[in-house]
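Subject: Structure handover and notes

Hello,

Please find the structure below.

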There are 2 protein chains.
Amino acid sequence: MALDKQILEQELRTRGYKLTRPRQAVLAVLALGEEHMNPAEIYERARAIYPKLGLVTVYRTLEVLVEIGLIQRVHLDEGCHSYVRSRQGHSHQLVCKECGRVEEFSDCELEEVFKQLTKKTGYAIESHWLELLGRCPTCR
Amino acid sequence: MALDKQILEQELRTRGYKLTRPRQAVLAVLALGEEHMNPAEIYERARAIYPKLGLVTVYRTLEVLVEIGLIQRVHLDEGCHSYVRSRQGHSHQLVCKECGRVEEFSDCELEEVFKQLTKKTGYAIESHWLELLGRCPTCR
DNA sequence: CTCTAATTGAAAATTATCTTCAATACAGTC
DNA sequence: GACTGTATTGAAGATAATTTTCAATTAGAG
């Protein structure tokens, strides 16, 4: 995953953002994680790397990364707003209830379902959000 | 939809909850709405019916209703945590970005997708959440 | 009608997130 | 390697959302 951190860094730089130490710390944490983490968790872990880091910077960095599409928000019932590294362009998440591990997948066959719905309801479907909760192989 | 309100009330009573005036006001608002509403919006509308209502009670009532399964949470990127009346047992939502109208549907063909994923990832899928965003016929 | 436990609302507490602003550090230029 | 303009940072305070506490009220069983 060290590799992944470099990809994230490169992507940031390419877009004209400066690669600062605080950002590097946040990226390092995100690149590691299979799990979804909320801002506070990310903050805590990233401070192990760069202790002067401020929570505000975590929020700001996450905002940038979501906008660029490098990470994705995960919505959970309790304590909304966690984040995970998004691997493929558009993908969905399989979250383990037990350990929080996140598996991503993208090859879904939802398109057909959407077409039918468009016909039936008259809605123009513009985006979708699918999230699955379960238990990962290890936790079963 | 007045009918629906009575269904909600009946369900609450059956479960041993008292049918108070504040709760009735909240139920009335929820029974009406095609739209998803956040606690503050529900509060405001319900106060037209029962002015003494407190916001806290709205939160508490929503909590009970979600637990019973009479309403569902809708997750949106900005301002998480809206609620809609849930019609069928398990269903999904088609939310209009423009006017907030919510269309529910339940006959989805996701089961097949899930089976494949279980096989591929080893996860035991226990629950899922699907949300579609788009534009309703009127707003198009 | 009475009584008790559930429920309520006001206020205060907590938590999450955002804004402001002076100080700092990156990255390109010399 | 030092210089410089601009983006970025962190602390502190502001705002917003949600929860807790607690004394007063009320639904509904008897």
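How many bridges join strand β3 (residues 92-96) of chain B to β5(B), and do the strands run parallel or antiparallel? Four bridges join them, and the two strands run parallel. Strands (E, at least two residues) and helices (H or I, at least four) are DSSP runs, numbered from the N terminus. Two strands pair if DSSP finds at least two bridges between them. Within this pairing, B:Leu94 has B:Leu132 of β5(B) as its bridge partner.

Before the rest, some notes on the source. This is a predicted model, in which local features need pLDDT of at least 70 and side-chain atom pairs count only at pLDDT 80 or more, while totals for chains, interfaces and linings use all residues. Residues are numbered from 1 along each chain as its sequence is written, chains are lettered from A and ligands numbered from 1 in the order in which they are written, and side-chain values use heavy atoms, with hydrogens and water left out.

The two protein chains

β5(A) is joined by eleven bridges to strand β5 (residues 124-135) of chain B, and these two strands run antiparallel. A:Ala124 stands opposite B:Arg135, and A:Leu133 is partnered with B:Ser127.

The contact (heavy atoms within 4.5 Å) takes 40 residues from chain A and 40 residues from chain B. The size of an interface is often given as the accessible area lost when the parts come together. Here chain A and chain B bury about 3,500 Å² between them, with 56% of it on carbon and sulfur atoms. Buried area is the accessible area (1.4 Å probe) that two parts lose on being put together, summed over both.

On the side of chain A that touches chain B, the elements giving two or more residues are β3 (92-96), β4 (102-105), α5 (110-121) and β5 (124-135) of chain A. β5(A) provides the largest share of that side, twelve residues. By class, that side of chain A has 20 nonpolar, eight polar and twelve charged residues. In this scheme Ala, Val, Leu, Ile, Met, Phe, Trp, Tyr, Cys and Pro count as nonpolar, Asp, Glu, Lys and Arg as charged, and the others, Gly among them, as polar.

A:Lys5 and A:Glu9 both lie in helix α1 (residues 2-14) of chain A, four residues apart, about one turn of the helix.

DNA strand C

A residue is near a strand if one of its heavy atoms lies within 4 Å of it. DNA strand C is surrounded by 22 residues, the closest being A:Lys18, A:Tyr59, B:Thr20, B:Thr57 and B:Arg60. Sugar and phosphate make up 68% of the atoms of DNA strand C that come within 4 Å of the protein.

A polar contact is a pair of N or O atoms within 3.5 Å; within protein, one must be able to donate a hydrogen and the other to accept it, and residues adjacent in sequence count only if both atoms are side-chain atoms. Phosphate oxygens of DNA strand C take part in several: one is 2.6 Å from a side-chain N or O atom of B:Thr20, one is 2.2 Å from a side-chain N or O atom of B:Thr57, and one is 3.1 Å from a polar backbone atom of B:Gly54.

DNA strand D

Bases are contacted here: a polar side-chain atom of A:Arg60 lies 2.6 Å from a base nitrogen, and one of A:Lys18 lies 3.2 Å from a base oxygen. A polar backbone atom of A:Lys52 is 3.1 Å from a phosphate oxygen of DNA strand D.

Regards
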